[in-house]
Amino acid sequence: MTLLVWLKVLVFVDFLAVALVVPIVSSYFRVAGLSNASYGLITSLYASAQLIGSLVLGIMSDFTSKKGILLLSFAGSGVSYLMVGLGRHYGVLLASRVVVGLVKQTMTTVTLMIAELTEGNHAQRSIEMGQVAAISSFSFVIGPSVGGMLYKCNTVLPALCAFSMFALNCLLCHLFIPGDSKSVTDSKQSKRERIKQVFNVDWRAALLSLPGVVYTQLTSQGGVIFLFRQLISFVQASMSARHLLNYYEDRFGVETYQLGFLTSGTTVVSLISQSFLVGLALKLCKHEVLAIAVCFLV
C-alpha cells in the first residue's frame, strides 16, 4: 500500500471515530446535568481551542514531523473522547472538549502531506483531495448510525469504540507513516531561520501599519467573501438546534440513539445536494451569485 492510501485509511478511521460520538455528544452533557448555557460555553471554548490549536500546531510543524503531529492528534482525541464517555462532571467534560480542540488537526496535516506528495502533479492532487473529502463524508454516513445503535446497547460503548479506533490510528501511523524526508527537513530549517528573523522586525512600525493592512484586505473581493462566510457561519452556529441540550428529544420525542440516524440521513442529503443539485442550480441560474441567493431562499 502506498503512503497516499495509508493516509486515506487514517482519515477514514479518524472521521468514523468522531462520527460515533459527535451526534450524541449532547446526551453525555445532558446526563451530567449541564444547562444550555453551560453547553453553549463549552461549544464556544471548543471552537476557540481549535483556533489556538491550529496556530500552535502550525508552528510546531516547523520543528517536528507531520507524523508527530498526527500521532499527537490521534492520541489527544482518543483521550478526549474517552473523557466524554466516562466523565460525569462539568470540569471533565469541559477539559475533554478543550483537549480535542487543541490537538485535532488530522485533516489539515493530511492535506499538507498530500500536497507535498503530489507536488508538480495538479491533476493527481485534485483527485486525491476529492477522495479524502469523499471518505470523510462517507464516514459520517455510517458512523452516526453505528454510534446510535451502540449508545442504545450501552451509553459508554460509542466513546470506548472511538477511543479504540484512535488507538488503532496511532499504531497504523507509527508503523506505516514515515518521518519527513531530508528535503522537507532542510525546508523546515530555512523556515526556522525566517522565524528567527521575525524578532528583528520593527514591531512598533508593524503594529502602526496593521489597521491599514487589515482594512485593505477586508475591503478586497476576497475579504468581502471571507466576512460573508463568517456571517453565515455565525448565524448557523447561533441558531443550530445541535447546540441545545435535549432539543430533539423534548420537541419531537426522539430517542437519544436515533440522533445518530438523523445525522446519517442529513449527511446523505448533503452529499446528494453537492453531487447533483448545486450543479443544476448553477446551470439554471447561470450566475454564481444568483444561485447562492436562490439556495439561501430555499
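Biologist: Is Lys8 buried or exposed, going by its relative accessible area?
Modeller: Happy to start there, with the reminder that this is a predicted model. Buried means under 20% relative accessible area. Lys8 has a relative accessible area of 15%, so Lys8 counts as buried.

Biologist: Which residue forms a salt bridge with Lys8?
Modeller: Look for a carboxyl oxygen within 4 Å of the side-chain nitrogen. The closest N and O atoms of the pair are 2.7 Å apart, and the partner of Lys8 is Glu128.

Biologist: How many residues apart are Lys8 and Glu128?
Modeller: The salt bridge joins Lys8 to Glu128. Lys8 sits in helix α1 (residues 3-21) and Glu128 in helix α7 (residues 122-153), so the pair links distant parts of the chain, with a separation in residues of 120.

Biologist: Is Glu128 buried or exposed?
Modeller: The cut-off for buried is under 20%. Glu128 has a relative accessible area of 9%, so Glu128 is buried.

Biologist: Which helix holds Glu249, the residue that pairs with Arg30?
Modeller: Arg30 and Glu249 form a salt bridge, with their closest N and O atoms 3.3 Å apart. Arg30 lies in helix α2, so the pair ties together parts that are 219 residues apart in sequence, and the helix of Glu249 is α12.

Biologist: Which value of relative accessible area makes Arg30 partly exposed?
Modeller: Partly exposed lies between buried, under 20%, and exposed, over 50%. Arg30 is partly exposed because its value is 24%.

Biologist: Where does Glu116, the salt-bridge partner of Lys66, lie?
Modeller: The side chains of Lys66 and Glu116 meet at 2.8 Å, N to O. The two residues are 50 residues apart, with Lys66 in helix α4 and Glu116 in helix α6.

Biologist: What is the relative accessibility of Glu116?
Modeller: Lys66 is buried, with a relative accessible area of 9%. Glu116 counts as partly exposed, and its relative accessibility is 37%.

Biologist: How many salt bridges does the rule find?
Modeller: The rule asks for a side-chain nitrogen of Lys or Arg within 4 Å of a carboxyl oxygen of Asp or Glu. Among the pairs is Lys8 with Glu128. By this rule, the count of salt bridges is four.

Biologist: Which helices do the buried residues of α5 pack against?
Modeller: The buried residues in α5 are Leu93, Ser96, Arg97, Val100, Gly101 and Val103. In general, residues three or four places apart in an α-helix point the same way, because there are 3.6 residues a turn. The buried residues of α5 pack against α2, α3 and α4.

Biologist: Which helix gives the largest share of the nonpolar patch?
Modeller: The surface patch, with about 600 Å² of accessible area together, has Val56 as one of its residues. Val56 is partly exposed at 42% relative accessibility, and lies in helix α3. The largest share, five residues, comes from α3.

How values were computed:
Residues are numbered from 1 along each chain as its sequence is written. This is a predicted model: local features need pLDDT of at least 70, side-chain atom pairs count only at pLDDT 80 or more; totals for chains, interfaces and linings use all residues. Side-chain values use heavy atoms; hydrogens and water are left out. Buried means under 20% relative accessible area, exposed over 50%, partly exposed in between (1.4 Å probe, protein chains only). Helices (H or I, at least four residues) and strands (E, at least two) are DSSP runs, numbered from the N terminus. Contact means heavy atoms within 4.5 Å. Patches are made of residues with over 30% relative accessible area and no salt bridge: like charges are joined within 9 Å, nonpolar side chains (Val, Leu, Ile, Met, Phe, Trp, Tyr) within 5 Å. Accessible areas come from the Shrake-Rupley method with a 1.4 Å probe; for residues, only the protein chains shown count as cover.
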